[in-house]
Amino acid sequence: MLNIWRISWRNITHNKKRFFFTLFAIILGTSFITAMLVADRTTRDVFNYYTDMYVANADYWVLSDKHTYPEKMIEPVQDDPDVTNMLLVLQKQAFFELEDDHSLSQRSVRIIGVSDQNSPLLVLPVIEGSLDNKGVILPKTVATLLGKKVGDTVRFEGLGEAKVSAIVEYTQLLASPSDWDSAESTSFRVLVPLDMLREWTGKHDEISYMRFQVNGDGKDLFHSLQQQFRGSGVFIQPVVADDLQNNDISGLYTFFYIVAGLSMLVSGFIVFNTIYTSVIERKKEFAIMKSFGYTQRSVSKLVLIEIVLLSLIGTAIGVPLGIWLGDLFMQELLSMLQFDIVYTLNWRLPAIMAVTVGVLFPVLFSLFPIYHAGRTSILLTLKMASQSKGSSRPLLIRAVVGLVLLCFVFIDHSVTYAAVLAGVILLFPLLLAGLSRIIKPVLNFLFHYAGSLAAKSLFQQINRNANTAAILGIGISVILLLGAVVESAPEGYEQEIRNTYGGDMRLTSEAPWSTEDITKLRSYDGVLGVEPLMEATPITWETVDGVSRQFSVFAVSEDGPALFADQHEEKLYNRLKQQNAVLLGERAFDEWGGEIGQSIRMNTPNGEQSYEVVGVVKTSHYSGYVAFMDEERLKEEFGWTKGFDLLLTVDNEAASSIRDRVWSDFRDHLSKVQTVEDEIESTTSTISGMNELILMLLFMIIGLASIGTANTLLMNTLERVPEIGTMRALGFTKQQVRNMIIAEGLLVGLSGVIGGIAAGLILIYVTSQSELMDGFMSFKLPYSNMIMAVISGVVLSLCAAWMASQSASKIDIQSSLKEG
Amino acid sequence: MIKVSNLTKEFLQGQERTRVLKGVDLNIKKGEFVAIMGPSGSGKSTLLQLMGGLDVPTAGDIQIDGKYLNKMSEKERTIFRRQKLGFVFQNYQLLPTLTVEENIAFPLHADGKLTKEKNRVIQELIQAVGLEGLHRKRANLLSGGQQQRVAIARALVNSPTVLLADEPTGNLDRANAEEILRLLTVFHRENRQTIVMVTHDIFAAGFADRIILFRDGGIDQVVSREEGDYAKYLANFMA
């Protein structure tokens with residue numbers, strides 16, 4: 001009995017080179033998809049892991065709107081039988097005492113005193129030492145920067161000293177700068193026993209906050225404490241695993257999916273091209289099979305099995321390769337995000353998903369050829385009547401539809417992107433034809449007559465060649481758009497930060513700023529203005545779907561600093577003066593999921609309250625994951641009475657000296673000094689790092705598309721064996737044949753690159769003009785990516801053509817003449 | 001003009017060596033029209049391919065115009081082919097993407113020697129083969145007879161030393177075949193063009209000055225028009 005799998009194997013490996021290229025395309029496509037899925041899952045895991053680690057097993061926490069509050073306030077919690085675990089925390093801003101010369105801001109450190117370092121409400125992954133509740137715990141980055149080991153002594157200026165008892169991995173609780181430059185604007189964080197810190201500070205009965213775990217949901221206790229604490233400045237909040245204020249990485253996930261989608265599209269198209277050509281070549285074979293009783297279904301099934309076999313082999317190689325690539329990608333990504341993060345590669349689920357996609361996408365892209373194979377007509381095929389003469393009409397229709405789709409550039413809608421890409425694909429035959437005419441003299445100069453012949457030969461399979469160029473073009477255009485977004489984003493962010501930061505320098509203190517402090521600051525040379533800033537945090541709230549989240553609520557007033565930007569600011573300030581009104585930043589609004597006019601539920605220091613969302617605004621604060629309330633309403637209705645921040649407007653030249661003086665003058669309670677430039681730098685540096693990834697991606701996609709070019713040129717060559725044999729018989733040298741194929745590859749590659757850059761520029765223009773983007777991106781030519789696209793597109797296409805040209809030059813003259 | 005000495009050609013088929021030509025000796029004079037006939041597998045096409053430099057012999061020599069083809073490199077043979085030889089194939093072997101004019105000009109283009117003078121020659125050839133008005137038509141849109149006429153013009157465009165025709169009438173009906181043979185005869189008589197034609201068709205062979213009968217890898221019989229029994233031989237063969 002015939003083994004259909006064995007027959008399929010023989011069929012797919014009949015043409016070794018084509019088999020290799022097709023398999024290679026599936027392997028690369030599947031591996032890129034796997035890598036992106038692995039990166040997606042691992043990134044999510046990493047951020048979830050650190051958020052969960054921060055939350056630990058705590059259910060609620062009791063905080064205050066002051067820096068500290070008396071421990072006796074939490075007696076009701078301590079006495080409640082349902083409370084299973086508690087962690088008391090006192091925080092104190094201080095300075096390291098170092099032998100090296102560093103500024104006060106660089107030496108600033110937040111000392112976190114905890115009642116039990118081994119508490120289940122605290123997760124500290126120990127690298128070295130032990131959590132003995134006796135010494136200081138340093139995160140690895142800080143230990144490395146300070147050159148401290150377990151047992152070494154760490155001194156805190158004016159407080160005391162302690163031995164290092166443990167060095168731990170990165171945790172959000174101890175997030176610290178990893179170099180002295182970033183230490184300029186961010187404090188270090190270290191952990192000490194609570195008793196030790198109390199002794200150092202003399203705050204024996206004070207705590208900054210406490211966390212606790214309860215049996216059951218603890219709702220009764222929560223509501224009762226809400227009532228008890230009302231008006232005291234102390235308040236209770238549920239502990240919520242929500243770190244969106246600190247991590248705006250949703251764009252990263254979109255990036256992963258775009259890359260995976262592009263990879264699938266490019267390699268799927270290569271598979272389509274190969275299988276379709278193979279089906280056309282084997283029409284006679286199918287006709288004979290049908291004449292012996294094979295049905296349409298059985299012929300289609302045979303082709304389907306061949307593709308499934310190819311997909312299985314491609315997936316079996318591509319998925320492990322993709323997991324490895326995903327690991328490399330994660331290393332690059334996390335180093336770019338500047339976190340000293342340890343991650344565990346999440347590959348199992350992505351691998352299962354990738355296997356499914358890897359097997360399915362080649363089949364999906366081959367559905368038409370599979371159907372076409374089954375539809376083979378016995379009579380027409382055996383008479384060779386199906387070889388109809390080509391008509392230029394479909395090309396004309398294609399071009400017209402392409403032009404119509406391009407007109408979508410004038411419509412400001414997300415569908416425009418798909419329409420432009422589809423339009424460009426349809427216009428590629430026109431582009432290829434035009435380009436081959438325009439550069440014919442260049443081809444003649446470079447390749448002599450072989451160049452002219454190449455331009456003519458491309459017309460034999462104009463659709464296939466144009467589609468091959470199109471797939472390269474689409475890859476380039478999408479990456480150029482991504483690159484332009486990445487290049488432009490820092491400018492957009494910078495503009496947004498400057499517009500909504502509210503000043504030039506933000507001072508954060510442990511204690512509320514006094515009038516004397518403000519007067520003193522106003523007297524500084526270079527200080528042009530001082531405005532108080534009130535930020536209520538953390539405030540928990542519920543999305544429309546009932547999911548708990550947390551963010552900050554800022555107090556705003558018409559004559560205060562501008563913390564958000566909107567065309568109708570005045571109107572919004574007036575709306576905020578109404579009772580229970582709140583404005584949401586864009587990201588908070590999206591996550592909330594409601595409509596303007598609906599109410600959002602928040603746990604305020606005054607208990608659970610509902611606020612009407614009166615508008616959505618743009619703001620740079622926490623990337624828009626915030627809310628704004630009228631200053632007076634925040635104090636009265638909301639119950640937040642203290643402000644710990646000041647926004648200074650300063651003369652730029654004096655900024656540095658002001659920073660030093662502030663640290664010196666307010667060292668006993670100042671906890672953070674951040675300039676608008678620091679904020680811009682920390683926001684944009686990560687995005688700028690993305691450019692390297694974009695270039696890597698560009699190269700990957702062009703490389704994959706070049707496999708398609710090699711495959712197409714190889715198919716073109718195989719179809720023209722008699723023709724090439726004739727040329728050789730009539731005196732064309734092997735080199736001339738090679739030149740002809742290389743010139744064809746150059747034309748395909750060049751048109752892909754030119755079309756891709758043109759399409760990319762259209763997409764960039766559309767994005768920059770779009771009101772949906774609200775001027776976030778300016779129209780700017782992404783020169784470096786364009787140059788990279790031209791060089792890699794042309795070079796890789798030439799490499800692909802060179803491979804095909806080797807096959808063409810080896811064609812045996814006699815047997816090829818017999819075929820003809 | 002063409003001197004073939006002790007020509008041997010072997011092919012490897014699987015593990016087995018097959019000797020297709022077994023020490024053939026043959027001389028063809030300048031301006032001669034020779035037809036090579038014989039049954040399938042007798043080696044006649046292989047001989048033509050070796051004479052055309054499309055393949056190399058296992059042993060023996062092929063001399064055309066004093067030059068040993070078997071001693072040339074692959075590239076030298078290619079250049080020799082385009083400069084000194086013309087080919088006409090059974091299935092025309094025109095390049096489908098090129099027009100009639102471009103197909104004819106192909107060997108000149110390949111050699112980089114398309115001049116104004118040569119352009120005039122191309123136009124004359126188009127006229128001579130009766131394809132006026134079709135010069136800008138794509139080759140694959142012509143009838144079989146027309147395509148073969150283009151192939152003859154292409155074979156002659158570089159004024160070859162030898163025109164090698166492999167079954168030039170094999171795919172044509174009698175009327176078209178006669179027309180093609182008439183054309184070959186005209187070029188042979190008017191330009192003293194040396195022609196070597198492989199054919200199965202005794203009618204086609206009848207146009208040649210000499211018929212070489214091939215059998216089992218060697219020459220079996222040679223009949224010349226100058227010999228008195230040529231007409232009688234043809235009549236017998238046809239009978």
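# Close-up views of a predicted two-chain model

**View 1. Here chain A and chain B meet.** In this contact, 22 residues of chain B touch 19 residues of chain A. Everything shown here and below belongs to a predicted model. On the chain B side, helices α2 (74-84) and α3 (100-111) each supply at least two of the touching residues. By type, that side of chain B divides into 10 nonpolar, seven polar and five charged residues.

**View 2. Chain B as a whole.** Let us step back to take in chain B, whose secondary structure comes to eight helices and 10 strands. Its C-alpha trace spans about 45 × 45 × 35 Å along the principal axes. How does the radius of gyration of chain B fit that of a compact globule? A compact globule with 239 residues would have a value near 18 Å, and chain B has 18 Å, so the two agree. Buried residues make up 46% of the 239 residues in chain B. Contacts also reach along the sequence: among those in chain B between residues at least 6 apart, 68% join residues at least 24 apart.

**View 3. An open sheet in chain B.** Follow the six strands of chain B in the order β6-β7-β8-β3-β9-β10; they form an open sheet with mixed pairing. Which strands lie at the edges? They are β6 (85-88) and β10 (218-224) of chain B, each pairing on one side only. From one strand to the next, the twist averages 20°. Helix α5 (residues 144-156) of chain B packs on this sheet, where it touches β6 and β7 (162-166) of chain B. The direction of α5 makes about 170° with that of β6(B).

View 4. Strands β3 (residues 33-37) and β9 (residues 210-215) of chain B run parallel and are joined by four bridges. To find your way along the pair, look for Ala35(B), which stands opposite Ile211(B) in β9(B).

**View 5. Strand β11 of chain A and its partners.** Now turn to chain A, where five of the six residues of strand β11 (residues 209-214) are buried, so this strand is largely enclosed by the rest of the structure. Strand β1 (residues 60-64) of chain A runs antiparallel to β11(A), with three bridges between them. In this pairing, Tyr60(A) faces Phe212(A) of β11(A). Strand β3 (residues 83-95) of chain A is also antiparallel to β11(A), and six bridges join the two. Here Leu88(A) has Met210(A) as its bridge partner in β11(A).

**View 6. Strand β6 of chain A, seen residue by residue.** Val136(A) and Leu138(A) point one way from strand β6 (residues 136-139) of chain A, while Ile137(A) and Pro139(A) point the other way. Are these residues buried or exposed? All of them are buried. Four bridges link β6(A) with strand β8 (residues 160-168) of chain A, and the two run parallel. Pro139(A) stands opposite Val168(A) in β8(A).

**View 7. Domains 2 and 4 of chain A in contact.** Chain A is divided into domain 1 (1-36 + 249-388), domain 2 (59-238), domain 3 (396-500 + 684-820) and domain 4 (501-682). The centres of domain 2 and domain 4 of chain A, taken over C-alpha atoms, are separated by 24 Å. Between these domains, 17 residues of domain 2 are in contact with 25 residues of domain 4. On the domain 2 side, α4 (104-107), α8 (219-229) and β12 (234-238) of chain A each supply at least two residues. Of these, β12(A) gives the most, with three residues. That side of domain 2 divides into three nonpolar, 10 polar and four charged residues.

Conventions. Residues numbered from 1 in each chain as written. Chains lettered and ligands numbered in written order. Predicted model: local features only at pLDDT ≥ 70, side-chain atom pairs only at ≥ 80, totals over all residues. Buried ≥ 20, exposed ≤ 12 C-beta atoms within 10 Å, placed from the backbone. Pairing = 2+ DSSP bridges. Domains from an automatic or database assignment. Contact = placed C-beta atoms within 7 Å. Nonpolar A, V, L, I, M, F, W, Y, C, P; charged D, E, K, R; others polar. Rg over C-alpha atoms; globule rule 2.2 N^0.38 Å. Axes fitted to C-alpha atoms, helices over the stretch in contact; angles between N-to-C directions.
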